[in-house]
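Open your viewer and get ready to select. This tour goes stop by stop.

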Amino acid sequence: MKQNSNKFLISFISAILVGLSTWVLVQVVELRTTQGMIMQELMNIDKQMGRIYAHMDRLMSKWVDQY
């Protein structure tokens, strides 16, 4: 009876650990995906700000040349 109980307990704990490790893996992959999307958005914002500054510099150089 004791041997049968131990086998059940070991299989139950193993199933819990497999489920937990699977959940952790999914969460890590999801976190990495979210991080990648955020980094891409930040790069796009940086590009847009660079374009704005370049446009402002071009306008300022035209304005300075006129006066």
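Where is the place of Phe8? Select Phe8: its place is in helix H1, residues 2–66. Helices here are DSSP runs of H or I with at least four residues, strands are runs of E with at least two, and both are numbered from the N terminus.

Before going on, note that this is a predicted model: local features need pLDDT of at least 70, side-chain atom pairs count only at pLDDT 80 or more, and totals for chains, interfaces and linings use all residues. Residues are numbered from 1 along each chain as its sequence is written, and side-chain values use heavy atoms, without hydrogens and water.

**The whole protein**

Zoom out. The secondary structure comes to 1 helix and 0 strands. The radius of gyration is 29 Å, well over the 11 Å that the globule rule gives for 67 residues, so the protein is more spread out than a compact globule. That radius is taken over C-alpha atoms, and the rule is 2.2 Å times the number of residues to the power 0.38. Along its principal axes, the C-alpha trace spans about 100 × 10 × 5 Å.

Now colour by accessibility. Buried residues make up 0% of the 67. Buried means under 20% relative accessible area, exposed over 50%, and partly exposed in between (1.4 Å probe, protein chains only).

**The nonpolar patch**

Select Phe8, Leu9, Phe12, Ile13, Ile16, Leu17, Leu20, Trp23, Val24 and Val28. They form a nonpolar patch on the surface, with about 1000 Å² of accessible area together. Patch residues have over 30% relative accessible area and no salt bridge; nonpolar side chains (Val, Leu, Ile, Met, Phe, Trp, Tyr) are joined within 5 Å, like charges within 9 Å. A salt bridge puts a side-chain nitrogen of Lys or Arg within 4 Å of a carboxyl oxygen of Asp or Glu. Areas come from the Shrake-Rupley method with a 1.4 Å probe; for residues, only the protein chains shown count as cover.

Return to Phe8. It counts as exposed because its relative accessibility is 58%.

Next, pick Leu9, also in helix H1. Leu9 is partly exposed, at 45%. Draw a C-alpha to C-alpha line to Leu20: 11 residues apart in sequence, 16 Å in space.

Finish at Val28, in helix H1. Val28 is partly exposed, at 44%.
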